[in-house]
Each structure stands twice: as C-alpha cells, then as structure tokens.
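Please look over this protein with an eye on its aromatic side chains. A short report follows the display.

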Amino acid sequence: MSNKSLEATVDPELVRKWISDIGSDSTAAVPLLQAIQTEYRYLPRTAMDLVVGNTSITASQLYGVATFYAQFRLRPVGRHMIKVCHGTACHVSGADRVDTAIRQILDLREPDADTAANGSYTMEKVACIGCCSLAPVMLIGEEAFPHLKGADAQRFIQKHAKGVGEALPGDAGKNDAGDAAHDKPGKTKKTMEARP
C-alpha cells in the first residue's frame, strides 16, 4: 500500500525554526530528526530536504542517522500504534496468528503495508517488549493486551477504535441497527479469525 495519502504537509518555517533553535552542524542531526518526528510522527521527505538544504548536514549523514536508529520512521504512521511482540515466548505462543488477525482487521493486504488506509492504526512487529509471561501480547499505545488469540486481538482493536472514535477499514458500510443486532444477548459479533 502506498501511504501517499497519509503524507504530512510540512511547514517550512517550523523546520527552519528548529534549525535555528537546535543547530545546523552534524551534532544537531538527532535532535532535528526528533523534532520533526515529534511534529509529524514520521520523517517526511520534504522536512528532511529542508534540513539538508539549510544546514551543513549532508543527505547521507541525515539519512544515515535516520535509518540507524529504530525510533525514526521514514513512512507515515497511523494515529494509533499497535506493537505485536515477536520475542521467543510470543513467537512460540502464536504471535504470527495475532499478526495475521491484525492485518486482516486493518485490511493490510500488501506484505509491506503496516498502516490502515484511513490512517487510523499502524501495526509494528517488535522483537520483545519484556512481557514474556503475558505471551502472546500486543500493545495499543501503552496498554498491554496479554494471552491473545487472533479474535481477541481484533476484539480489543475494535473496542479501542470505538473508545477513541476511530473507524476501522470496512466500518463505512456498517450501520447502528446492524451493530445493535450483534450486541443483543445470545448473539455474538462476527470477527475475522486468524488462520492457524
């Protein structure tokens, strides 16, 4: 999926202000990238070009720093982050099934896609979040969801989306009457199950 539609509109004056405040030599590369990412949640190409054009930092230096540190993102991200742990404990407990279920609910069809087309959520595989006793586990923002199965992950994402007023991909065609029917006692909402 291309994230072109999710790309930020960069304010050149803001980038120039950061350069003025932080500095313009190579020691300023990390703080400048942090300022850009704090504002836009990723590193837009336009902002990177402005830094290169208005400092002594070369493009290779700036992109070298941006790609060296895992904290920096070169692609737009969703308004909410989902981190799926793929550490050893989570891997053996079914992290791949959780991953598949999340990709389904976010409608991420391309192998390299990580952000829902509506910009609501970005999912990220992480090496370990240090919660091995909760495996498999995911984080939505800072909240951990333990001992997941694929359907659980989807249900928690739906609940989170409802709580923050986000639409998930495919929600556009739903209506309240249809949702209410699923909420009646004895009825269960259909969720997409991850294949084992």
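Which residues form one aromatic cluster? They are Phe 68, Tyr 69 and Phe 72. The model is a predicted one.

**Overall fold**

The protein has 8 helices and 4 strands. Along the sequence, the elements run α-α-α-α-β-α-α-β-β-β-α-α. Of the 196 residues in the protein, 40% are buried. The accessible surface is about 11,200 Å². Carbon and sulfur atoms account for 52% of that surface. Take the contacts between residues at least 6 apart in sequence: 67% of them join residues at least 24 apart.

**Aromatic pairs**

The structure contains 4 aromatic pairs. Two of them are set out here.

| Pair | Distance between ring centres | Angle between planes | Geometry |
|---|---|---|---|
| Trp 18 and Tyr 40 | 6.4 Å | 80° | edge-to-face |
| Tyr 69 and Phe 72 | 6.3 Å | 80° | edge-to-face |

Why do the rings of Trp 18 and Tyr 40 count as edge-to-face? Their planes stand at 80°, and planes over 60 degrees apart fall in that class. The pair also links distant parts of the chain. Trp 18 belongs to helix H1 (residues 12-22), while Tyr 40 belongs to helix H2 (residues 29-40). The two residues are 22 residues apart. Trp 18 and Tyr 40 are both buried.

The planes of Tyr 69 and Phe 72 likewise stand at 80°, so this pair is edge-to-face. Phe 72 has a relative accessible area of 7%, so Phe 72 is buried. Tyr 69 has a relative accessibility of 39%, so Tyr 69 counts as partly exposed.

**A charge over a ring**

Which ring lies under the charged end of Arg 155? It is the ring of Phe 156. The charged end of Arg 155 sits 4.9 Å from the centre of that ring.

His 160 is found in helix H7 (residues 150-164). Is His 160 buried or exposed? Its relative accessibility is 19%. The limit for buried is under 20%, so His 160 counts as buried.

What does the side chain of His 160 make a polar contact with? The partner is the side chain of Tyr 121, at 2.6 Å. Leaving aside residues up to four places away in sequence, His 160 touches His 80, Tyr 121 and Ile 140.

Notes:
Residues numbered from 1 in each chain as written. Predicted model: local features only at pLDDT ≥ 70, side-chain atom pairs only at ≥ 80, totals over all residues. Heavy atoms only, no water. Phe/Tyr/Trp six-rings, centres within 6.5 Å; stacked < 30°, edge-to-face > 60°. Buried < 20%, exposed > 50% of the residue type's maximum accessible area, 1.4 Å probe, protein only. Lys NZ or Arg CZ within 6 Å of the ring centre and 35° of its normal. Contact = heavy atoms within 4.5 Å. Areas by Shrake-Rupley, 256 points an atom, 1.4 Å probe, with all protein chains shown as cover. Polar contact = N/O pair within 3.5 Å; in protein donor to acceptor, adjacent residues only side chain to side chain.
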